[in-house]
Amino acid sequence: MNIKLLFSAVVKFLAGVLMISLLLFIPAGTLYYPKAWLLLGVMFVPMLILGIILMVKSPELLAKRLNSKEKENTQKTVVALSLLMFIAGFVVSALDFRFSWFPVPDFVSYIAAVIFILGYAIYGEVMRENAYLSRTVEVQENQKVIDTGLYGIVRHPMYTSTLLIFLSVPLILGSLIGVVVFFAYPFIIGGRIINEEKILTDGLNGYAEYKKKVKWRMIPFIW
């Protein structure tokens, strides 16, 4: 077992739990925030399970997913905007809970939790299908175009999964104001996709033909 990789994965996992907990419970002013605990559960339990599976079966892919240092300036901007959106979205959602601005019925949160898990299941399937799934935008050595499975439906199924995941977050937290903040995500990720496709078209053999074969980028019949 790669001890260095294991240590890195554990540190990043715990840092993620701590960061999101602070962003939720401090603005909420209490630990009695049931929907925040629901979010932490559906977010980090599947993440832990997936991380263990990757550590055992595909440590190379896990290492790629842990590497978040972008080289492209466009992608650095996308990462920065995404981080600002997440921070604002979590804080605003927690404040919405604290002051009961626009309460959402509990059943909406439960439905959103199911959608979140569905998105994570798609995310896991994408990683099973694509061993080149780096967290950064780059063309890897010996990389090949994947055009089967989910990649035969849309060109970026990973982003489809994250769309389901992130747009369900504020609804799990019971915040309509949070929905407004997180709705910036499709536009932010759209910029990343356009830049990513330019890089892949220029550097990955067969990608131009793949774009002609699979028409939709992220959402069938929409975009």
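Helices (H or I, at least four residues) and strands (E, at least two) are DSSP runs, numbered from the N terminus. This is a predicted model, in which local features need pLDDT of at least 70 and side-chain atom pairs count only at pLDDT 80 or more, while totals for chains, interfaces and linings use all residues. Residues are numbered from 1 along each chain as its sequence is written, and side-chain values use heavy atoms, with hydrogens and water left out.

**View 1. The second largest pocket is lined by 11 residues.** Leu54, Leu61, Gly124, Met127 and Arg128 lie nearest its centre. Helix H2 (34-57) and helix H5 (106-129) are the elements that give two or more residues to this lining. H5 provides the largest share, 4 residues. By class, the lining has 6 nonpolar, 3 polar and 2 charged residues. (Ala, Val, Leu, Ile, Met, Phe, Trp, Tyr, Cys and Pro count as nonpolar; Asp, Glu, Lys and Arg as charged; the others, Gly among them, as polar.) The space in the second largest pocket is about 160 Å³. A pocket is found on a 1 Å grid over the protein atoms alone: it is an open set of points where a 1.4 Å probe fits, with protein on both sides within 12 Å along at least five of seven lines, and lining residues have an atom within 4 Å of a point. Grid points are joined across faces, edges and corners, and a volume is the space filled by probe spheres set on the points.

**View 2. H2 packs against helix H3 (residues 59-66) at an angle of about 130°.** Their axes are 6 Å apart. Axes are lines fitted to C-alpha atoms, for helices over the stretch in contact, and angles run from 0 to 180 degrees between N-to-C directions. At this angle, H2 is oblique to H3. (Under 35 degrees counts as roughly parallel, over 145 as roughly antiparallel, 65 to 115 as roughly perpendicular and the rest as oblique.) From H2, Gly51, Leu54, Met55, Val56 and Lys57 meet Pro59, Leu61 and Leu62 of H3. Contact means heavy atoms within 4.5 Å. By class, this contact has 6 nonpolar, 1 polar and 1 charged residues.

**View 3. Val126 sits in helix H5.** Val126 is buried, with a relative accessible area of 0%. (Buried means under 20% relative accessible area, exposed over 50%, partly exposed in between, with a 1.4 Å probe and protein chains only.) Val126 and Leu150 are 24 residues apart in sequence, yet their C-alpha atoms are 7.1 Å apart in space.

**View 4. Helix H4 (73-99) holds Gly89 and Arg98.** Gly89 is buried, at 0% relative accessible area. Leaving aside neighbours within four places in sequence, Gly89 is in contact with Val181 and Phe182. Gly89 and Tyr151 are 62 residues apart in sequence and 30 Å apart in space, C-alpha to C-alpha. Arg98 is partly exposed, at 44% relative accessibility. With neighbours within four places again left aside, Arg98 is in contact with Ile26, Pro27, Ala28 and Gly29. Arg98 and Gly29 are 69 residues apart in sequence and 7.0 Å apart in space, C-alpha to C-alpha.

View 5. Most residues other than glycine have a negative phi. Phe221 lies in the segment after helix H9 (207-213). At 72% relative accessibility, Phe221 is exposed.
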